[in-house]
Amino acid sequence: MRKKLFSLFLLVMVAVTSVQPVYATSSSELKKQREEKESQKNSTQSELDAINDQISDLSGEKEDVDAQIDELTGQIAEIMVSVDLMEEEIADTQEQIVQAQSDYDAAKVKEEEQYTAMKKRIQYLYEKGENSYLQILLEAKSWGDLLNKAEYVQEIYTYDRKMLDDYAATVKEVAQLKEDLEIHKSDLEASQYELEQEQTSLQETLDEQKAVSADYERDLARAQEQAAVYKEKIKKQNEEIRQIAAAEEAKRAEEEEERRRAEEESRRAEESRQAEEEKKKKAESSEKESEKESESKSSSSSAPAPSSSNGSATGSEIANYACQFVGNPYVPGGTSLTNGADCSGFTQSVYKAFGYSIPRTSSQQRSAGREVSYSEAQPGDLICYAGHVAIYLGNGRIVHASSVKTGIKYGTATYKTILSVRRIVN
């Protein structure tokens, strides 16, 4: 395990370098670079997680070893107490053995003295023979005295015999006690030896466990150092990702601005082209049409209603009808298709000419009819923007009351962000 941790440590030290973000020329390249950095960070995070798992394992194993050390320490302490108590008990037993030996020697002396005295009495009686017994008996002055003397002789013998037996028993008991004490002492010494051996063995095991714990301590310290290196690497990678993301966002905004400018230029060019075409068409139109248009503008505030004004027109009819008012003025708050209208007044008046009623403002018209996607847009649909609305002509083109400067005109549907496409005509 230590070799594995050390190898990982070397890997980390080689891998951890201060990598500066490479600034790309486009947002897509920056996005790719950011994704690569995020992948590297995820890989580093996985390595850090693995190190943390190892730290957790090492901590658990070290706790087990430390628990064993505590248990061994407790066992050794108990054994040391037992050895101390054993030594005290052995010392007490030794004192009892010495006392028993002294008692034995004293009892043995008494036994010898009683035995010697008894032998002398027996020898005396033996040397005197039966005459001595007769002498004692004949010296009796009466039957009572005779019986007393006979009982006296018997008592002397019985007394000597009893004393000898008592001393012999005492000697035997003391000898047995001494032997028991010596056996007990031997047992205590054997137990002490075994306890000391067990203490030695436990101490060796304790020393080994302490060495293992120290190894775990070193491994933990090394693993924690590696974890710190990984954390620092992740911190640097996060900073690099942040820098790249900021550059990506800035580049995206720059590209969006360039795209918007390009679209605006394209729109202006298209409007200029359309204006030229319209100008050309007007120049080429017959005098009759010019007079009719002039008459239409001055006669009333609304254009002639189309033939289909009962709500049954098609979207294409509505779109074509709206186109005839291109070139008319933009008037804020106006609803006249000829004398002037704003964006929502223009669309409302066009639909009204065909019998359709829609709300007045552009924000309200954004909820009219039903919503369809831009990809499904058809001529006659409303194209809704923030604060503006137009009528879709198809092929990405619109007609709308654009501004006071440009009036009612043609335009590109995507010239700004589309919020909704509403279908009024089914």
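I take a nonpolar core to be a set of buried Ala, Val, Leu, Ile, Met, Phe, Trp, Tyr and Cys residues joined through side-chain atoms within 4.5 Å. Buried means under 20% relative accessible area, exposed means over 50%, and partly exposed is in between (1.4 Å probe, protein chains only).

**Basis.** I am working from a predicted model, in which local features need pLDDT of at least 70 and side-chain atom pairs count only at pLDDT 80 or more, while totals for chains, interfaces and linings use all residues. Residues are numbered from 1 along each chain as its sequence is written, and side-chain values use heavy atoms, with hydrogens and water left out.

**Entry 1, the cores.** I looked up the largest nonpolar core, which has 27 residues. I318, F346, V350, Y351 and L382 touch the most other members. Two or more residues come from each of α5, α6, β4 (382-385), β5 and β6. I take helices (H or I, at least four residues) and strands (E, at least two) as DSSP runs, numbered from the N terminus. With five residues, α6 gives the most to this core. A separate core of 22 residues includes I51, V65, I76 and I79.

I listed the contacts of L382, leaving aside neighbours within four places in sequence. Contact means heavy atoms within 4.5 Å. L382 is in contact with T347, Y351, I358, Q365, V389, A390, I391, S420, V421, R422 and I424.

I checked how helix α5 (residues 315-323) packs on helix α6 (residues 343-353): the angle is about 125° and the axes are 10 Å apart. Axes are lines fitted to C-alpha atoms, for helices over the stretch in contact, and angles run from 0 to 180 degrees between N-to-C directions. The two helices are therefore oblique to each other; angles under 35 degrees count as roughly parallel, over 145 as roughly antiparallel, 65 to 115 as roughly perpendicular and the rest as oblique. On the α5 side I found I318, Y321 and A322, which meet F346, V350, Y351 and A353 of α6. By class, this contact has seven nonpolar, no polar and no charged residues. Ala, Val, Leu, Ile, Met, Phe, Trp, Tyr, Cys and Pro count as nonpolar, Asp, Glu, Lys and Arg as charged, and the others, Gly among them, as polar.

In α5 I noted G315, I318, A319, Y321, A322 and C323 as buried. Their cover includes α6, β5, β6 and β7 (407-412). I recorded α6 as mostly covered, with 10 of its 11 residues buried. Among the buried residues of α6 are C343, G345, T347, Q348 and S349. After α6 comes G355, with a positive phi near 90°.

I found K62 in helix α2 (residues 27-138). K62 counts as buried, at 13% relative accessibility. Leaving aside neighbours within four places in sequence, K62 is in contact with S213, Y216, E217 and L220.

I placed N395 in the loop between β5 (388-394) and β6 (397-403). N395 has a positive phi of about 55° although it is not a glycine, and N395 is exposed, with a relative accessible area of 80%. I placed N339 in the loop between β1 (335-336) and β2 (340-341). N339 is partly exposed, at 39% relative accessible area. The C-alpha atoms of N339 and P329 are separated by 6.6 Å, with the two residues 10 apart along the chain.
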